[in-house]
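Here's a quick briefing to read alongside the model. Have the sequence and the 3D view open as you go.

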Amino acid sequence: MVNWYDKAIIYQIYPKSFQDTNDDGIGDLQGVTKRLRYIKDMGFNTIWLNPIFVSPQVDNGYDVSNYFAIDPILGDTDDFSEMIEKAHKLGLHIIWDLPINHTSDEHPWFKDAVNNANSIFKDYYIWHDAVDGHEPNNWGSFFGGSVWEQNPTNSNEYYFHLFDKKMPDLNWKNPEVQKSVADIAKFWLEKGVDGFRLDAFIHIAKANLDQNSLMTDEKFPIDDTFYAKLPAVKDYMAGFVKEIKEYKPDAFLFGEASSAKARDAAEYTRPDGNVCDVVVNSDNYGEVYDDSNKDIPKFFQNRQLSLDSLKRTYVTWESVLDHVSLPTLTWGNHDISRVLDRLNLPVEDDKVTKLLAMLLFLQRGIPVVYYGEEIGMHGLKYQKITDFDDQRALDLINSLRQKSYDDKTILNLLNNQDEMTARGPMQWDDSQYHGFSKQQPWNWAQTDTNNVDQEITDDNSVMTFYRKLLRVKKHECFTSGNYQLLITDPKIYAYLRKTTESKGLVIANFSDQKKTFALPKVAWKSVLTNESIKKTGGTIELGPWGCCALESRK
Ligand code: NOJ
């Protein structure tokens, strides 16, 4: 281990929802600064902020119109400097989202490309003439419909957008684009940021545009073949990453690759690879979907955590990334409903919440905790379907209403799975708006009552457990030990972590029955558990949903 980020324990903050200090109902950078001590005391050492650049907020900041300034709804450069300075004083690193695949259509590059016939920025984006008066091909956008939108000043020409039509894709084939994005990164590194989450980097290369997807289920099918993980991604990233690393060798590049499998992650994080340091995907939750109803798109289907699938996932990622890089360990983020609402587990019992945290985060890898998870926070529960206004929700509502589904059923699906439910205000206390703001928060609906104030002094709270867990994570065996999944009862998740100095063992009983586990024959000491455990001779008895971390020194 040579870099600071090999020991990163990341706290993900959705800045608009974390802490509002000017009472406009929207969180801000001063709010992050105000809570740095809390983050530090919890045991995190790194913060990842969702995008904070100037943005029309079509996609909550992922649509950037000025990369060189902070969005005024969140603060200004002075707030940024104060936040970074105070974070660094506390020994906290800060990274943030750098959307590199696209800009906003209100970015000066795009405006110039559209309005100026001789624009040098035309080639910053991807264009194609209409074919027979239509979109150049049938590729589908991740946000619905075609990836093509007409040039507002020339209806015979289209520009490419993988996400919203107000988020045109950059043309990474153009070395000027690579250079310009590197300049943005260097600007912020100079100002003190410690690295970036490279948003959607696996999509920066596109296949030959003159071909159609053969998928026929929809008019504009989403077909990754043409715009995800193409070989050119690595070529385009190489120069950009080299420039960043030459400028700041320990800049942490945390690559977002939603559909990456373990082998892709290994390829992108090879030490000589010049792509990124770690990869985070959005698929490692051990979920199995109920796909019996074909009317419901996968994203909104009910799901269940399958322990078997989780074991397979991690044994693969840990093995494939061994000697290459660290896996990221996460239960979710801003793009999916909260873990406690999504997996159909008996989470009324805090033991389950604690078990989920322990079994995941003590594995080999970098924990990434989504704000609020550390207090067992649930998602927002909206009262009516018209409360939802994100594109994915609107598409679902539209499609299911056409098929005569009633509103109650649709509301249920949305409340269980839609990403906006996960972006609610952080719950600091039991006041009207949870101590987040004095104004009604920008994203607001019914919530549970868990809050920091109440949990901070409670020895049995989820928050106290997280604090202890992150302390344990820093023990040598749980930071640097190798990983070995143990073959056990199908309802037990157990693994060993070993270094030459010490051993760690985690055992989690994923069932509502008592379970007995035979301990490997060394002198074990329990370092954390979510119940009072019974250890007799060489066995340990775990109650329903019990979990335990043990250590042994050589
Ligand atoms: C991935 C981000 O996590 C998501 O929120 C965003 O919509 C897309 N990238 C597009 O930037």
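A polar side-chain atom of His102 sits 3.0 Å from an oxygen atom of the ligand, which makes a polar contact (a pair of N or O atoms within 3.5 Å; inside the protein, one must be able to donate a hydrogen and the other to accept it, and residues adjacent in sequence count only if both atoms are side-chain atoms). Keep in mind that this is a predicted model, where local features need pLDDT of at least 70, side-chain atom pairs count only at pLDDT 80 or more, and totals for chains, interfaces and linings use all residues. Residues are numbered from 1 along each chain as its sequence is written, and side-chain values use heavy atoms, with hydrogens and water left out.

**Around the ligand**

- His334 also has a side-chain N or O atom by the ligand, 2.8 Å from one of the ligand's oxygen atoms.
- For Asp335, the distance from a side-chain N or O atom to a ligand oxygen atom is 2.5 Å.
- On its own the ligand exposes 290 Å², and the protein buries 93% of that; the areas come from the Shrake-Rupley method with a 1.4 Å probe, and for residues only the protein chains shown count as cover.
- The residues around the ligand are Asp59, Tyr62, His102, Phe143, Phe163, Arg197, Asp199, Glu256, His334 and Asp335, where being near means having a heavy atom within 4 Å.
- Sorted by class, that shell holds three nonpolar, two polar and five charged residues. Here Ala, Val, Leu, Ile, Met, Phe, Trp, Tyr, Cys and Pro count as nonpolar, Asp, Glu, Lys and Arg as charged, and the others, Gly among them, as polar.

**Buried loop residues**

- Thr103 is in the loop between strand 5 (93–99) and helix 4 (108–115); helices (H or I, at least four residues) and strands (E, at least two) are DSSP runs numbered from the N terminus.
- Is Thr103 buried or exposed? With a relative accessible area of 0%, Thr103 is buried (buried means under 20%, exposed over 50%, partly exposed in between, with a 1.4 Å probe and protein chains only).
- The side chains of Thr103 and Tyr125 are joined by a polar contact of 2.8 Å.
- Beyond its neighbours within four places in sequence, Thr103 is in contact with residues including Val64, Trp109, Tyr125 and Lys166, contact being heavy atoms within 4.5 Å.
- Gly61, in the loop between strand 3 (53–54) and strand 4 (66–70), counts as buried because its relative accessibility is 0%.
- Gly61 and Pro51 are ten residues apart in sequence, yet 5.2 Å apart in space, C-alpha to C-alpha.
- Neighbours within four places aside, Gly61 is in contact with Pro51, Ser55 and Pro99.
- Thr499 belongs to the loop between strand 17 (492–498) and strand 18 (502–509), and its relative accessibility of 13% makes it buried too.
- From its side chain, Thr499 reaches the backbone nitrogen of Glu501 at 3.0 Å.
- With neighbours within four places left out, Thr499 is in contact with Glu476, Cys477, Ser480, Gly481 and Lys554.

**Positive phi**

- Asp132 isn't a glycine, but it has a positive phi of about 50°.
- You'll find Asp132 in the loop between strand 6 (127–129) and strand 7 (148–151), and at 72% relative accessibility Asp132 counts as exposed.
- Lys229, another residue other than glycine, has a positive phi near 60°.
- Lys229 lies in the loop between strand 9 (195–199) and helix 6 (232–247) and counts as partly exposed at 28% relative accessibility.

**Helices**

- Helix 8 (residues 307–321) has 15 residues and reaches 21 Å from first C-alpha to last, close to the 21 Å expected at 1.5 Å a residue; the expected span is 1.5 Å times one less than the number of residues.
- Among the buried residues of helix 8 are Leu307, Leu310, Tyr314, Trp317 and Leu321.
- The buried residues of helix 7 (residues 262–269) are Ala262, Ala265, Ala266, Tyr268 and Thr269, and their cover includes helix 6, strand 11 (278–280) and helix 8.
- Why is helix 14 largely enclosed by the rest of the structure? Nine of its twelve residues are buried, so that's how it ends up.
- Buried residues of helix 14 include Met463, Phe465, Tyr466 and Leu469.
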